[in-house]
Every structure is written in C-alpha cells, then in structure tokens.
Amino acid sequence: MKAILKAKEFAVFMLFTVLFAGFAFKTDRFATSDNLLNIANQYSELAVVAVGLTVVIVSGGIDISVGSVVGLSSITVGLLACLHGMNIWLASAVAILVGLACGTLNGLIITKAGIQPIVATLAMLSAARGLAFVLSNSTSISGFPDSFMSLGQEPIGPFPVIGYIPKSVFVALAFIVLGILLMKYTAFGRGIYATGASEEAARLSGIDIFRTKLFAYSFTGLLCGLGGVMMTARVAAAVPDAGTGMEFEAITAVVLGGSSLKGGEGSVIGTIIGVGVMGILRNGLNLIGVPNAWQVLFLGVALIVAVLADNLRNTLRWRASAQTGKTTGDAT
Amino acid sequence: MDDSAAALGTNKGNLLDRLAQVRELPAIIFLLMSLVILSAVAPNFGSSTNLLSIARETAIVGIMGVGMTLVILTGGIDLSVASILALSAAVSATLMMRGTSTLVSTFVGLCTGCACGFANALLITVLRVPPIITTLGTMGILRAAVTLYTGAHSIGPLPSSFDIVGTGPISALLLALTAAAATFFVSRLSVGRYVLAIGSNEEAVRLSGIDVDKVKILVYTLNGLLAAVAGMVVASSVNSAQSNTALGYELNVIAAVVMGGTSISGGQGSIPGTVVGAAIMSVMSSALILLGASVHWHKLIVGGVILTAVLIDKFRTTHKQ
C-alpha cells in the first residue's frame, strides 16, 4: 500500500521534473532564482487552498466554492481595513473567520441536511461571489499599510544558495506542514481517510462521520480565508473577482497529486507537487508567450487527463490485485 | 410526475398531503407570489416590452434547463452548457458574417452544440470521468476555445433574417416545443423511461440488459443541442456573439432545474417544473433591474435559491418516508 502511494507521488514528481527541464531548456528566463521565487510567491495561495481541498477530497467530498470564498475573504479585509479603518491584522483575522464560517456552513449543509457536496458548494460558489460583489459595490479596494503588503511582496533573506524568500511562502509552508501532520500522524487524519474509503465501514468502526466531514469543510474554509488575505497582500488590492476559477486549478492540482475523487486516497505532499506543476506550467507558458486563453485550454485538458490517469491507475491496480489474489489462491 | 401520479392513486385522504407531493408546487406558488408582488411594486413590470424580455430570458434559461433536467434525471450534471452556448453562437455568427446563408449557419451552430455534448458524453461514458469533472474541464476548454476563435472581438451585426429567432414570441414558442418534446420523450418513449430509471438505480438498469452508456450519450448530446438552440436565441437577441456570451449561466440553469422540483440526485423530476423555474429566474433578474438593485444581488440570490430548493426536495423525500 505504502509503495503504491509513493508511486502516485512519484508520477506527479516525474511530470514536475519533465516540465521543469522542458521550460528550463526552452527559455533561459525560467530557471532563475528570481523567477522561481516569484512562482512560489504567486502560488503560495493556491497551495494553502489546495491543502484544504485535499482533506475534503480524501474524505470523499468536493468543494467548488473555494475560489469564491477567497474572493469574499479578500473583500472583507479591504472593506474593514481600508474603508472602516480597522487594524489590518484584526481585519485579516476577521476575513479568515469569514472563510471559516463559509466552510462550516458548507459542512453543516452537507452533513446535517444531507445535501450532496457538489450542490451545496455550487450554491456557496454563487452566493459568496455575489456577496463579494455586493459588499464591494463591484469595485476594487486598495490603500493597505506597507506592513501588510510586505507579507506578499517583501522577501526575507538572504538564505544560503536560495537567496531571498517571500514571507507568504513561509506562511504557506507552515500550513502545508500542518496539513501533512494532520493527515498522517493524527487519529483525525486517519478518520478522514477511513471516511473517504468507506463511510459505512468508518461509521461502524466508531468514527464520528459528522465531526470528521464538518471539520474537513471548515478547515478548507479557514484556509480559503487565509488564501484570500495572502492574495490581497500580494496584489495590494481587494478585488471582488479575486480567486475566480481557483477551484479549477485547485482540483486539478489535488487530482494530479494522486488524490482519488472517490475519496480515501491522496496526500498533501502529492497535492503540493501538483500545485508546483500548475505553477511552472502557467509561468513557463507565459514566458514562452502562450496567450492566456490557450493556457486555460491546457488546464482544462490537464484536469481531465489527471482524472483519466487516476482511472487508469485504479484499473491497473485492480488487475494487479486480482492477479495476486489468484496466485495466492493457487499457493494455498 | 411519477410520484404525483402515485400519490393520487394511493393517498386519497388528505388533500394537503397530496398537494405536498406535487413537485412543481413550491415553484408555482413562488412564481405567482412574485408576479403579484412585482406588478404592484415595480412600476413598469407589466409593460409589454418588459414581459417580452422576460419571455425571452425564460426561453433561454428554460431551453437549456430542459436539457439539463434530462442530464440531472440520469444522476449527472453539466457545467459546460454556457460555454457550449457561446461556442455555437460564435460559430454560427462567424459563418453568417462570411456570407453563409442564415439557415446553414444556424444548422452548423446546432451541430457544434451536438458535437460538444457528444464529446462530454464520451468522456463520461467511455472514459469514466465523473460528469462534474468532465464538464468542469470542458467548461474551461470550450470557453477558451470561444475566446481564441472570436479573438475576443464581438461578431456582428448579424443579418436581419436571423432577427426573428430572438424575439419574445418566437423564443417562447421554441421553449414550448422543446418542453413538449422532452415531456413526450420522458413519459412516452421507452428510452425516456430509461433516463428516469438510470437516475434511480443505474446498476439495476444495467443488469436488466439496457445499454446505459447509449442512453447517457443521447442525453448529453441532446443537452449540447439545446444549449446551442439557446445560443441562437441569445445571438439573435443581442445581434452578435462574443467570447463572454452567457458567462456563468450554468448556475441559473441549474437553479431553474432544482427549483422546478427535479431532484439533484436523479431519477425524479419534472420538465414543466423546470420551465416554471426558468420563469422565476428571469422574473427575479428583471425585478432587480426594475427596482434599481445591483445586478450582483442576482448571484447571491441564485445561491440561496439553489440551496432552498434542494433543502425542500430533501424535506419532501424524508417526509414521504
């Protein structure tokens, strides 16, 4: 089992390496430390959001409202800090709580009312985006204090070899580590894998399904809130359509990283490599001058191919296990 | 449809209980209420221009909604309809601008819609990619294709012979025909019955020897075709096609379907209900404009409406048990 999980992450890592080498070969502006740190900075938000989404997808659910919640969180920081003069860090905390509230609401609707995740979060996708536009009057808000903007813009350093590292990358790293610890080394994490693999079996073995699922969606909401704050700091403005289409990139990253949409399988590390693939793909395509519409097209294809690869892997494994089943049967 | 008939047959006692089992009822009540309130509150609501524009909007959402109802009845979903709409509209508009006859251009546009729906269907059935992921992917791919195809320019003005498609009465007629044909399909044809059966229990249908994949391919292709029909109405009414035509409409369509009483888990639903749902959606957006509210409230309300509708459906199914 462990070997298979390893192999899953190995596949996405190979893809990452091939793309990296390809772009480095194609343009000499790609593999510079400046450019790579720039990618890390830009994709730290997606990484944070994708960590949450991994937890949801492993638990057997899905959340397509992540992009909208990021947008709502961004507008919350902007409104409170720039228009109402609230302390910026307090405003950020409120925005993260708004994200948490959205996630918890998703979780409650899914667990308590028994609505399918896709529909519940589709409703949230529409409602949160609408709220972001209504609250902001469809305009972007700026005028943040420098201390806040430095979160997304000013690097710390210099470190040996790597040089300067943006602060947001540290924030992302902290939550990636938290996600890994949570999923791998806690009973709760194992409960999430068990719920995704077989809800009935998990229930019968005494796992609190309600709490497990609710936690998964709340955690994702919280991370979306954080992602919104990070994005606001990086672009120095709160925009109502911030994070539009992020669900697309996040789901692709998670599935590329080896999580199965059927639940019960996947890892945060795989997801992060998946985010890395998205990051270098976007950046590399930009550098070699591929227009945005083509990039969106590539991403759509990548999403479907990632799921196809997952299907193929499942079929192969099923065949392999059928085979070994047969051989052990012969032996006994 | 099926369970309202069942309710009439078995439970003759309580009228209220029987009414509660009519799927379309909450939507009809809501529509009537909003019509009464709006004609009292909003000054120009009853004007013929406004009513005609509501009729057209209802037709656009409703025609797509009928296709979406079929898809949802099989237990699937299609997020790519708005992108299919935009692509078919752009293809037809480009051909018209090149001087191809209106009829041929429209036909090619409709074929484009079918082809997109068919591509979705192949991914879902042959390659076993879940509907939500397939159509999330094709939503992005097709929208990008429209942007590349149109070069982000508006294609128009379209020839005057095409104007008639997007007028209020003709688009309403298109909706009526579509809804009638789909109702006939679901309730009278055996393949239509399979659509309902697949949504209730796909495995049982497969085991009774029916080619489930074929039925699904038919349904997703029809859905593509209907999105293209709606695309013709949109293109004709705004007299052009753009890369952002109908952006985000998939949510309105899904909201209309679930509001009409179709269960999102498949197997149960109503095509007339979807038409009522589409009418509610267009009345609401018209009301927001007339009352001078920000159009962005629309998204917020759509989210609330989807949620309320699925909660009502959930309540109904648990209540019945």
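Which residues of H5(A) are buried?

**Before selecting anything**

This is a predicted model, in which local features need pLDDT of at least 70 and side-chain atom pairs count only at pLDDT 80 or more, while totals for chains, interfaces and linings use all residues; side-chain values use heavy atoms, with hydrogens and water left out. Residues are numbered from 1 along each chain as its sequence is written, and chains are lettered from A and ligands numbered from 1 in the order in which they are written.

The model has an ipTM of 0.80 and a pTM of 0.86. Colour chain B by pLDDT, the predictor's confidence in each residue, from 0 to 100. The average for chain B is 88, and 94% of its residues score at least 70. Residues 1–12 of chain B stay under 50, and the model has 17 contacts for them beyond four places in sequence; contact means heavy atoms within 4.5 Å. Where pLDDT is low, the predicted coordinates should not be read in detail.

**Helix H5 of chain A**

Select residues 88–111 of chain A, which make up helix H5. Helices (H or I, at least four residues) and strands (E, at least two) are DSSP runs, numbered from the N terminus. H5(A) has 24 residues and spans 34 Å from its first C-alpha to its last, close to the 34 Å expected at 1.5 Å a residue; the expected span is 1.5 Å times one less than the number of residues.

The buried residues of H5(A) are A:Ile88, A:Ala91, A:Ser92, A:Ala95, A:Ile96, A:Gly99, A:Cys102, A:Gly103, A:Asn106, A:Gly107, A:Ile109 and A:Ile110. Buried means under 20% relative accessible area, exposed over 50%, and partly exposed in between (1.4 Å probe, protein chains only). At the start of the helix, a side-chain oxygen of A:Asn87 comes within 2.7 Å of the backbone nitrogen of A:Trp89.

**The phenylalanine cluster of chain A**

Next, show A:Phe13, A:Phe16, A:Phe20, A:Phe23 and A:Phe30, which ring pairs link into a cluster. Rings of Phe, Tyr and Trp (its six-membered ring) pair if their centres lie within 6.5 Å; planes under 30 degrees apart count as stacked, over 60 as edge-to-face and the rest as tilted. By this rule there are 8 aromatic pairs over all chains. One of them joins A:Phe20 and A:Phe30 edge-to-face, at 5.2 Å centre to centre and 70° between the planes. A:Phe20 belongs to helix H1 (residues 2–26) and A:Phe30 to the loop between H1 and helix H2 (33–42), so this pair ties together parts that are 10 residues apart in sequence. A:Phe20 is partly exposed at 26% relative accessible area, whereas A:Phe30 is buried at 0%. The rings of A:Phe23 and A:Phe30 have centres 5.5 Å apart and planes at 45°, so that pair is tilted.

Just after H12(A), A:Gly258 has a positive phi of about 100°.

Then select A:Val275 in helix H13 (residues 268–287). A:Val275 is buried, with a relative accessible area of 4%. Its C-alpha is 8.1 Å from that of A:Gly257, 18 residues away in sequence. Not counting residues up to four places away in sequence, A:Val275 touches A:Tyr43, A:Leu46, A:Ala47, A:Ala50 and A:Ala253.

**Loops of chain B**

Which residues does B:Thr245 contact, leaving aside its neighbours within four places in sequence? They are B:Ala82, B:Leu85, B:Ala86, B:Arg143 and B:Val234. B:Thr245 lies in the loop between helix H11 (212–238) and helix H12 (249–259) of chain B and is buried at 7% relative accessibility. A polar atom of its side chain is 2.9 Å from the backbone oxygen of B:Gln242.

**Backbone geometry**

Most residues other than glycine have a negative phi, and most peptide bonds are trans. In the loop between H11 and H12 of chain B, B:Asn239 has a positive phi near 65° and is partly exposed at 28% relative accessibility. A:Ser138 has a positive phi near 60° and is found in the loop between helix H6 (117–136) and strand S1 (141–142) of chain A. Finally, inspect the peptide bond from B:Gly156 to B:Pro157, which is cis with omega near -5°; B:Pro157 lies in the loop between helix H7 (131–150) and helix H8 (168–188) of chain B.

Key
Polar contact = N/O pair within 3.5 Å; in protein donor to acceptor, adjacent residues only side chain to side chain.
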